[in-house]
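The sequence and the structure are shown first, and the description follows.

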Amino acid sequence: MGKKRKRGSHFGWLQIIILLQFFLLAHSTSQRIHKKDSDDDDDQMYYPPVQLHLFADHVVLDNGIVNVSLSTPGGMVTAIEYNGIDNLLQFDYKENNRGYWDLVWSKPDHPHDVFDKLDGDSFEVIMEDENQVEISFLRTWNSSETELPLNIDKRYIMLRGSSGFYSYAIFERLEGWPDVNISQGRIVFKLQQNLFRYMAVSDDRQRIMPTSEDRDNGEALDYPEAVLLTNPANNFLRGEVDDKYQYSSDNKDNRVHGWICTDPPTGFWIITPSNEFKTAGPVKQDLTSHAGPISLSMFFSTHYAGQPLILKFRDGEPWKKVFGPVFVYLNSVLEGDEPLALWSDAKEQMLIETESWPYDFPKSDDFPYADQRGTVSGRLVVRDSYISDRLIIARSAYIGLAPPGEPGSWQRENKGYQFWTETDDMGYFLINGIRSGNYSLYAWIPGFIGDYKCDVQIEVRPGCKIRLGYIIYDPPRNGPTLWEIGIPDRTAAEFFVPDPNPTLMNQLYNIQPDKFRQYGLWDRYTDLYPDEDLVYTIGSSVYQTDWYFAHVNRNIGNKTYVPTTWKILFELDDVDESANYTLQIALASANDAELQVRINDETTETPYFKTGLIGKDNAIARHGIHGLYWLYSVSIPGSILVCTTTNTILLTQSRGSTPWKGIMYDYIRFEAPASNIQP
């Protein structure tokens with residue numbers, strides 16, 4: 001017994017030593033990388049309390065890890081002190097040009113854009129204790145003003161033990177207020193140029209970036225955002241193109257991005273825990289971080305969509321919406337440690353933030369907590385008897401709730417909230433954290449054309465759990481497939497993307513798949529097809545190499561661009577002259593374009609079908625592989641087809657004059673007439 005007690009005593013001391021070592025290791029790690037988990041409330045007492053310091057013209061939020069200075073009553077972020085750096089922001093800029101919210105707006109009868117940095121009129125402390133401080137910067141509109149008819153409430157939150165701060169805003173219009181257009185809303189942070197040189201947008205999109213001075217000294221290209229770096233401070237960048245649109249991301253992929261300083265090793269990150277407050281759904285593209293160094297939190301814009309996403313308020317329409325919160329996360333490692341560990345840590349923190357959504361600490365009554373929200377679940381399947389006699393599981397489908405509208409209207413919706421998820425391998429889905437309200441349920445499924453919309457409007461109430469059961473989508477189809485080009489996934493990524501002009505490269509995109517982000521690919525079509533346009537032969541051509549990713553104009557010299565006509569050649573074993581065939585054309589993008597379709601007659605001036613002028617998404621110029629989605633079903637009488645010789649479908653993009661007028665195809669399918677006997 002004595003030996004056993006003695007051995008137990010030794011073992012007890014060993015446990016204490018091991019626990020002490022773990023404590024010291026954890027303490028050491030916390031000094032290098034600070035995290036704030038929603039489950040860490042019991043650990044808050046190990047950190048200093050949050051303090052709010054009030055001065056004549058500014059306030060300071062301080063939790064012992066980071067302190068943030070904001071002007072009063074304007075609410076501009078003038079300084080962020082962290083990791084021994086007095087100010088992460090570019091301190092020689094004006095105080096209203098370092099960290100700020102802004103909107104771009106105009107009056108309908110005077111369409112000149114106004115860039116408004118939303119300077120506050122008053123300051124208020126919403127909450128202040130040792131664990132949390134929330135402050136508000138208000139600007140209230142009245143009828144005697146000619147400025148933006150919108151009430152602005154900008155909020156900033158600092159939590160105890162949190163390595164960063166949160167920001168959100170409530171925008172409100174009351175009934176009867178003047179008409180206005182609002183085209184962009186965001187938060188901007190401009191960091192110290194001599195510190196932050198390395199940018200990370202995703203695992204495979206990160207690099208050393210040029211400075212603002214490098215861009216100023218470079219050669220302007222076809223539009224102001226694109227610059228050829230002719231004399232950069234870092235010679236490695238010489239001869240590259242820099243363009244902020246090369247670093248855009250879909251909303252669904254835009255969860256964390258930012259910058260790394262190597263001396264001292266410090267990270268600055270924008271974390272977006274939810275997309276419920278962003279416009280136009282999960283595949284809306286927008287800016288992230290770019291040369292400056294600048295980091296953005298984009299809430300809404302017309303980028304990659306155009307005028308449909310301008311918020312237009314008419315006839316005194318009231319409106320209120322909460323944007324955010326987003327998290328500005330700061331991290332660091334010890335001197336000599338690998339700075340790229342900061343990116344890995346930022347991704348981990350992003351997961352913590354997304355799993356904590358909806359947050360339980362914002363104090364606005366307009367931000368509902370989890371118990372005030374609802375859930376919707378179900379299973380999505382596809383019915384297409386020309387593919388399978390059985391229902392088809394809708395794997396990896398995008399399904400979501402958005403304000404009521406027509407099928408597909410979510411991609412142009414810009415005033416309400418949207419809640420999206422992906423189905424699992426069995427087609428099941430669960431949408432959590434839905435605000436109370438009336439919604440339509442929408443979906444689109446990779447591998448199938450068209451948009452699903454539930455016939456029944458869905459009312460979400462606080463705490464509700466709505467189980468929809470099986471949901472069946474019947475995609476557009478009039479007959480069996482005779483041939484097809486591409487993959488119906490709403491992008492042109494599967495088609496041929498050429499190498500860029502070697503004098504206009506971004507080296508980042510030479511070593512990873514997103515080659516379409518290279519500058520100037522619109523002119524590469526002319527290089528590949530200098531005299532004759534693209535011809536695609538069904539049965540021998542391959543869309544991955546023989547179908548150009550964008551239907552663009554030809555440069556005939558002296559910056560003159562003319563329309564182009566592509567041909568699809570195909571043969572039919574027999575033709576039912578009394579029946580109709582169907583040409584399904586799904587577009588991934590359109591910009592100031594008109595698609596004309598002719599059948600077996602390239603001499604006729606009158607096309608068999610035309611879309612009319614469509615699109616303003618500018619995805620070709622902005623290196624996007626998609627913009628807004630368009631679907632056309634063209635009925636073709638069998639009487640104009642032939643079975644003895646080759647049929648030709650001619651696709652003309654008829655609008656010339658510039659390199660960026662054009663379309664991107666998502667998918668093309670030619671269907672035979674429906675038969676009386678189902679396959």
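Helices (H or I, at least four residues) and strands (E, at least two) are DSSP runs, numbered from the N terminus. The model is a predicted one.

**Backbone features**

In these terms, Ala280 belongs to the loop between β19 and β20 (285-286). Although Ala280 is not a glycine, its phi is positive, at about 70°. With a relative accessible area of 3%, Ala280 is buried. Arg490 likewise has a positive phi of about 70° without being a glycine. Arg490 is located in the loop between β34 (481-486) and α4, and its relative accessibility of 8% makes it count as buried. As background, most residues other than glycine have a negative phi, and most peptide bonds are trans.

Cis peptide bonds are also present. One joins Gly292 and Pro293, with omega at about -5°; Pro293 is placed in the loop between β21 (289-290) and β22 (294-300). Another joins Gly324 and Pro325, with omega at about 5°, and Pro325 is part of strand β24.

**Helix α3**

Helix α3 comprises 15 residues, 341-355. Which residues of α3 are buried? They are Leu342, Trp343, Asp345, Ala346, Gln349, Met350, Ile352 and Glu353. Because these residues cover an arc of only 170° around the axis, they lie on the same side of α3. In general, an α-helix has 3.6 residues a turn, so residues three or four places apart point the same way. The buried residues of α3 pack against the strands β10 (164-173), β12 (196-202), β13 (205-208), β18 (256-262), β19 (265-271) and β24 (319-332).

**Nonpolar cores**

The largest nonpolar core contains 106 residues. Within this core, the residues with the most contacts are Ile80, Phe171, Ile182, Phe189, Phe268 and Leu441. Strand β24 gives the most to the core, contributing 8 residues. A second, separate core has 72 residues, among them Phe549, Val552, Tyr581 and Ala672.

When neighbours within four places in sequence are left aside, the residues in contact with Phe189 are Val77, Ile80, Leu89, Arg98, Gly99, Phe165, Phe268, Ile270, Pro293, Ile294, Ser295 and Val328. Pro293, named in this list, is also a partner in the cis peptide bond with Gly292.

The buried residues of α4 are Leu521, Trp522, Arg524, Tyr525 and Thr526. What covers them includes β36 (554-555) and β38.

The count of aromatic pairs comes to 50. In one of them, the rings of Tyr223 and Trp522 have centres 6.5 Å apart and planes at 45°; planes under 30 degrees apart would count as stacked and over 60 as edge-to-face, so this pair is tilted. The partners are 299 residues apart: Tyr223 is in the loop between β14 (219-220) and β15 (227-228), while Trp522 is in helix α4 (residues 521-528). Tyr223 counts as buried at 11% relative accessibility, and Trp522 counts as buried at 3%.

Tyr525 and Trp566 form a stacked aromatic pair, with 6.0 Å from centre to centre and 25° between the planes. Since Tyr525 lies in helix α4 and Trp566 in strand β38 (residues 564-570), the pair ties together parts that are 41 residues apart in sequence. Tyr525 is buried, with a relative accessibility of 0%, and Trp566 is buried with a relative accessible area of 0%.

**Charges over rings**

| Charged residue | Ring | Distance to ring centre |
|---|---|---|
| Arg412 | Trp630 | 4.9 Å |
| Lys415 | Phe313 | 4.6 Å |

**An exposed loop residue**

Is Asn194 buried or exposed? Its relative accessibility is 55%, and Asn194 therefore counts as exposed. Asn194 is found in the loop between β11 (180-190) and β12. Between Asn194 and Arg390 there are 62 Å in space, C-alpha to C-alpha, and these residues are 196 residues apart in sequence.

Methods: Residues numbered from 1 in each chain as written. Predicted model: local features only at pLDDT ≥ 70, side-chain atom pairs only at ≥ 80, totals over all residues. Heavy atoms only, no water. Expected span 1.5 Å × (residues − 1). Buried < 20%, exposed > 50% of the residue type's maximum accessible area, 1.4 Å probe, protein only. Arc of directions from axis to C-beta. Contact = heavy atoms within 4.5 Å. Core = buried A, V, L, I, M, F, W, Y, C linked by side-chain atoms within 4.5 Å. Lys NZ or Arg CZ within 6 Å of the ring centre and 35° of its normal.
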